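Work through the exercises below with the model open. Try each task before reading its solution.

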Amino acid sequence: MARALDLARRGLHGTDPNPRVGCVLLRGGAVVGEGWHERAGGPHAEVAALTAAGDAARGATAYVTLEPCNHYGRTPPCSLALIEAGVARVIYAIDDPNPEVAGAGAARLRGQGVAVDSGLMATEAEALNAGYFKRRRSGRPFVRVKLAASLDGRTALAHGESRWITSEAARSDVQHFRARSSVVLTGIGTILADDPQMNVRLGDSSRQPLRVVLDSRLRTPPAARVIDGPGSALLLATQDDAQKRGVLEGRGAEIAIMPAKDGRPDLRAVLDLLGTRGANEVWVEAGAGLAGAFVRQQLFDELLIYLAPTFLGPDALPLLQLPALAALDDRPRLRFTECVAAGDDLRITAVRE
C-alpha cells in the first residue's frame with residue numbers, strides 16, 4: 001500500500017477534480033502490475049495497473065489507495081474492470097466519500113466473489129486527498145493560505161515594495177503548491193498593485209488551476225495578466241456593472257455576482273460556489289486584508305508561511321490584518337505540523353487546533 005501511495009502522488013498535479021489514486025497488483029509474492037491516475041478523463045489507477053499486468057492479473061491481489069469506483073463517468077467502473085480481469089482480492093485504504101461509490105464498489109466486488117478488505121494506511125490515503133474528502137463531506141474545498149514574511153512578521157515596506165523578501169527557491173516551492181490546487185485565489189488589491197499572472201509556471205505542468213479574483217466592483221483592468229494567462233479566470237463581484245462586465249467577458253473572464261460581507265464577496269459563499277464547481281483545494285495568495293479575513297473567520301485549513309531570515313522593521317506592513325484582542329485567551333489557536341527549508345527560507349505549516 002505504501003508503494004501504491006507513492007504512485008498516487010505522481011498524479012498530484014493532474015487528477016483534479018478527481019482524487020489521486022495508486023494501485024499495485026501482487027501475485028505469488030511478486031508485483032505484476034502497477035499504475036496511477038494521471039489526469040481527469042484518463043484511465044484510473046486500477047485500469048492502468050490491469051493493463052500493465054495483462055493476463056497475470058488473474059488471481060492477483062490489488063492494493064488500491066481508494067475504494068474502487070462503481071459508476072460510469074468519463075470512464076467505466078473500476079470495480080467491474082477488476083472483476084473482469086479475475087482479480088482474487090482487493091485491499092483498499094479508505095472508503096470513497098463520493099455518494100456514487102460510498103461502499104457500492106466494495107459491495108459489487110464482494111457480490112462477485114472477490115475478497116475485500118479496507119483500512120490499510122487510511123490516514124495517509126486521506127491526507128493525500130484532503131481536499132477531495134473535505135469537498136465530498138462538507139461541500140467546501142480545503143483552503144491553504146500562503147504567507148511570506150520577514151522574521152519580524154512583515155510582508156512589505158511601508159510604501160509597498162515586497163519583491164523579493166523570500167528566495168527564488170521559496171518562490172519555486174510555491175509553484176508546486178499552485179500546481180496541485182484547483183483554484184488560486186487573490187483579491188483585487190493584489191491585482192491592482194502587482195498585476196500578477198497567478199498561474200503555474202512549471203515546465204511539466206499539464207493543468208492550470210482556475211484563477212479567482214475577489215473584485216467587488218469589477219475594477220480588474222481588461223488588460224490584467226490574470227485574465228490573459230493560460231487557463232480560466234473567474235471574477236467574483238458584489239456589484240454588477242453591465243459595461244465593465246461586457247468588456248471583461250469580452251477579454252475571456254467569467255463573472256459571478258456574490259452576496260457581500262464586510263465590503264467584499266462573502267467568503268463562505270465563495271467557498272460554497274467553488275465546491276459546487278468541483279474545487280478540491282484552494283490556494284489563497286493575497287494581501288494582509290483578504291488573508292486576514294480567512295484567518296479571522298476560521299475558513300482556512302492550513303497556513304503555509306515562508307519565513308525569510310531578515311527584518312523589515314516596525315513601519316513595514318503586517319502579515320495579516322486582524323482585530324485587536326481584548327484578552328490573550330481570545331488569540332487564534334494553531335498547531336505547527338511541519339517546518340522545512342525552502343532555499344534560505346523556512347516553510348512553516350500551521351493548522352487550526
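**Exercise 1. Across the sheet**

Ile-91 stands opposite Asp-117 in S5. Strands, like helices, are DSSP runs numbered from the N terminus (strands E, at least two residues; helices H or I, at least four). This is a predicted model, in which local features need pLDDT of at least 70, side-chain atom pairs count only at pLDDT 80 or more, and totals for chains, interfaces and linings use all residues. Residues are numbered from 1 along each chain as its sequence is written, and side-chain values use heavy atoms, with hydrogens and water left out.

Task: Which residue stands opposite Ile-91 in the pairing of S4 with S3, and what is the order of the strands?

Solution. 
- Step 1. Tyr-63 stands opposite Ile-91 of S4. S3 and S4 are parallel, with 4 bridges.
- Step 2. S4 and S5 also run parallel, joined by 4 bridges. Strands count as paired if DSSP finds at least two bridges between them.
- Step 3. Go back to Tyr-63 in S3: its bridge partner is Val-24. Here S1 (residues 22-27) and S3 (residues 61-64) pair in the antiparallel sense, over 4 bridges.
- Step 4. The open sheet of 5 strands reads S2-S1-S3-S4-S5, and its pairing is mixed. S2 (30-36) and S5 are the edge strands, each pairing on one side only. From one strand to the next, the twist averages 15°. Angles run from 0 to 180 degrees between N-to-C directions, with axes as lines fitted to C-alpha atoms, for helices over the stretch in contact.

**Exercise 2. Two helices, two faces**

Solution. 
- Step 1. In H2, Ala-45, Glu-46, Ala-49, Leu-50 and Ala-53 are buried. Buried means under 20% relative accessible area, exposed over 50%, and partly exposed in between (1.4 Å probe, protein chains only).
- Step 2. These residues cover an arc of only 130° around the axis, so they sit on the same side of H2. The arc is taken over the directions from the helix axis to the C-beta atoms. Thr-51 and Ala-52, on the other side of H2, are exposed.
- Step 3. The buried residues of H2 pack against S1, S2, S3 and H3. Contact means heavy atoms within 4.5 Å. Gly-54 follows H2 and has a positive phi, near 65°.
- Step 4. H4 (residues 104-111) buries Gly-105, Ala-106 and Leu-109. Down the axis of H4, they fall within an arc of 95°, so they line one face of the helix.
- Step 5. The buried residues of H4 pack against H3 (78-84), S4 (89-92) and S5 (115-118). Gly-113 comes after H4, with a positive phi near 85°.

**Exercise 3. The cores**

Task: How many residues has the largest nonpolar core, and which residues does Leu-50 touch?

Solution. 
- Step 1. The largest nonpolar core has 35 residues. Such a core is a set of buried Ala, Val, Leu, Ile, Met, Phe, Trp, Tyr and Cys residues joined through side-chain atoms within 4.5 Å.
- Step 2. Leu-25, Leu-50, Ala-62, Val-87 and Val-90 have the most contacts inside it.
- Step 3. Not counting residues up to four places away in sequence, Leu-50 touches Leu-25, Ala-57, Ala-81, Leu-82, Ala-85 and Val-87.
- Step 4. A second, separate core has 32 residues, including Val-145, Val-212, Ala-279 and Ala-286.
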